[in-house]
Number of protein chains: 2
Amino acid sequence: MSKEATMEVLIIEDDPLHRSYLHDAVRAALPECDTVLEAENGRIGEGLARQHRAAHIVMDLQMSERNGIEAARTIWKERPDTRILFWSNYADEAYVRGVSRIVPEGAAYGYVLKSASDDRLKLALRGIFMESQCVVDREVRGMQQKSLGNSHGFTDVEYEILIDIALGLTDRMIARRQNLSLRSVQNRLQQLYEKLDVYQRLGDDGDEGRYNLRSRAVSVAFLRKLINYSALERAEAELNEWLGIK
Amino acid sequence: MSKEATMEVLIIEDDPLHRSYLHDAVRAALPECDTVLEAENGRIGEGLARQHRAAHIVMDLQMSERNGIEAARTIWKERPDTRILFWSNYADEAYVRGVSRIVPEGAAYGYVLKSASDDRLKLALRGIFMESQCVVDREVRGMQQKSLGNSHGFTDVEYEILIDIALGLTDRMIARRQNLSLRSVQNRLQQLYEKLDVYQRLGDDGDEGRYNLRSRAVSVAFLRKLINYSALERAEAELNEWLGIK
DNA sequence: GCGAAATATGCGGGATCCCGCAAGACAATC
DNA sequence: GATTGTCTTGCGGGATCCCGCATATTTCGC
């Protein structure tokens with residue numbers, strides 16, 4: 001084994017076409033890479049990462065068997081210095097937030113959209129794997145700021161309660177889960193409704209367009225991509241875990 | 001123009017890789033096809049279909065600008081004999097049901113998963129475009145039967161009320177929309193809760209796992225892929241239209 | 001330390017939701 | 001026609017949700 005330039009890259013990606021495209025891109029961008037592993041979903045990817053002690057991973061977020069965020073979380077839990085490039089179709093706030101929540105202190109990672117050019121992808125590959133940089137696409141970055149800066153975005157508490165009502169919990173249950181009084185939960189809910197611009201227009205004549213605030217909030221959160229299927233899936237798993245512990 | 005074998009195929013697909021793969025597949029499967037048009041989202045696809053009077057279309061369902069079901073609906077509304085092959089990643093009940101709802105009487109169409117083999121895709125292309133057959137993948141077919149046969153599936157009324165609570169409407173509003181009494185709406189809701197296996201387990205000790213049935217129903221419907229983002233998006237559009245008319 | 005602002009909690013009432021009970025409407029079957 | 005089954009509607013009550021008002025607690029800047 002020559003001391004210079006030996007490197008292994010693991011690709012975790014649902015779609016065969018995208019997988020082979022990624023494979024080519026990795027080969028082209030990283031001549032020092034001598035082996036490329038491929039996994040077709042998160043579960044298999046986790047296994048391969050563990051088995052090969054993979055240090056360089058590029059993965060999709062939206063996968064059927066086990067989505068990218070779950071896989072990344074367990075991988076990072078075992079080896080926090082793993083470098084991961086997320087290569088996704090979308091910059092939904094749910095994804096961006098999900099990633100931000102799990103990236104370990106000081107880890108090198110990236111978030112590049114599939115719609116990005118070849119060059120952007122290759123630059124990101126080199127930046128993260130060779131230079132330990134963090135490379136985040138502009139579109140994603142914009143979402144991140146809107147998400148964290150609470151100008152128009154949502155604080156973590158608001159987000160958590162949003163998840164809880166999306167899961168269908170009662171106020172009382174949420175209170176217990178978040179260690180709050182019932183009234184506080186309701187307070188936060190109102191806060192949330194306001195930010196989501198959800199309100200019952202009890203029209204002057206008494207029966208204008210009228211929503212169930214709780215359900216409506218979940219609805220617009222979905223439409224605004226604040227939450228999506230995979231976020232819900234993860235939240236459901238966490239809830240069940242908590243219910244088990246309790 | 002020779003009287004034999006002149007044919008135009010329109011491809012509507014988000015992803016460049018998939019688009020070019022489709023292009024190749026069409027060329028290979030249909031030598032009688034002399035022109036292939038490409039559109040990168042539903043909106044553009046609709047325009048091209050209208051402009052070229054496209055009779056043969058293959059399209060993705062999940063697209064950003066305007067999803068496949070919406071596009072297909074307007075296309076079929078203008079020319080119901082258009083032959084459309086849906087080529088999708090998923091067989092979510094929401095998609096399958098959405099397609100079944102819009103396919104015109106006696107139209108030739110197909111539903112093939114992206115995970116299918118080259119041969120399956122090519123067979124479907126020839127079957128639909130040349131032989132006017134309906135070609136539906138086995139996995140999708142299974143979903144369709146489960147959906148229509150009410151063994152474990154949902155009737156249309158149940159599905160409609162599910163959509164309505166997913167949109168966040170109140171009982172009263174739903175009643176008005178469906179032309180029902182308030183009590184009937186609540187009846188159907190209970191029917192829905194039962195089928196979704198959603199119930200408040202007011203545990204023996206009084207405070208066991210407890211859900212808000214309405215929100216929880218939406219939640220599990222999402223997790224079971226009875227509804228998904230694009231279904232919600234469509235429903236929201238229809239709701240706004242109705243609100244405008246009213 | 002000390003106000004100010006944000007957040008958490010309690011109380012209470014009106015609206016909505018969940019649902020058992022029962023009576024009428026309609027269709028299908030015998 | 002009688003019966004059975006499904007669907008609809010009304011009534012009523014208990015639980016939950018939505019939210020205004022008031023008080024405590026925490027957080028932050030100075």
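**A note on how chains B and A meet**

1. Let's start with the interface: 34 residues of chain B are in contact (heavy atoms within 4.5 Å) with 34 residues of chain A. This is a predicted model, where local features need pLDDT of at least 70, side-chain atom pairs count only at pLDDT 80 or more, and totals for chains, interfaces and linings use all residues. Residues are numbered from 1 along each chain as its sequence is written, and side-chain values use heavy atoms, leaving out hydrogens and water.

2. Together the two chains bury about 3,100 Å², with 56% of it on carbon and sulfur atoms. Buried area is the accessible area (1.4 Å probe) that two parts lose on being put together, summed over both. L17(B), L223(B) and Y229(B) supply 16% of the area that chain B buries against chain A, more than any other three residues.

3. Now for the charges: there are 2 salt bridges between chain B and chain A. A salt bridge is a side-chain nitrogen of Lys or Arg within 4 Å of a carboxyl oxygen of Asp or Glu. E236(B) forms a salt bridge with R216(A), and their closest N and O atoms are 3.0 Å apart.

4. Within chain B, have a look at helix α7 (residues 156-167) and helix α9 (residues 182-195), which pack at an angle of about 100 degrees with axes 10 Å apart. The two helices α7(B) and α9(B) are therefore roughly perpendicular to each other (angles of 65 to 115 degrees count as such). Axes are lines fitted to C-alpha atoms, for helices over the stretch in contact, and angles run from 0 to 180 degrees between N-to-C directions.

Note on methods:
Chains are lettered from A and ligands numbered from 1 in the order in which they are written. Helices (H or I, at least four residues) and strands (E, at least two) are DSSP runs, numbered from the N terminus. Angles under 35 degrees count as roughly parallel, over 145 as roughly antiparallel, 65 to 115 as roughly perpendicular and the rest as oblique.
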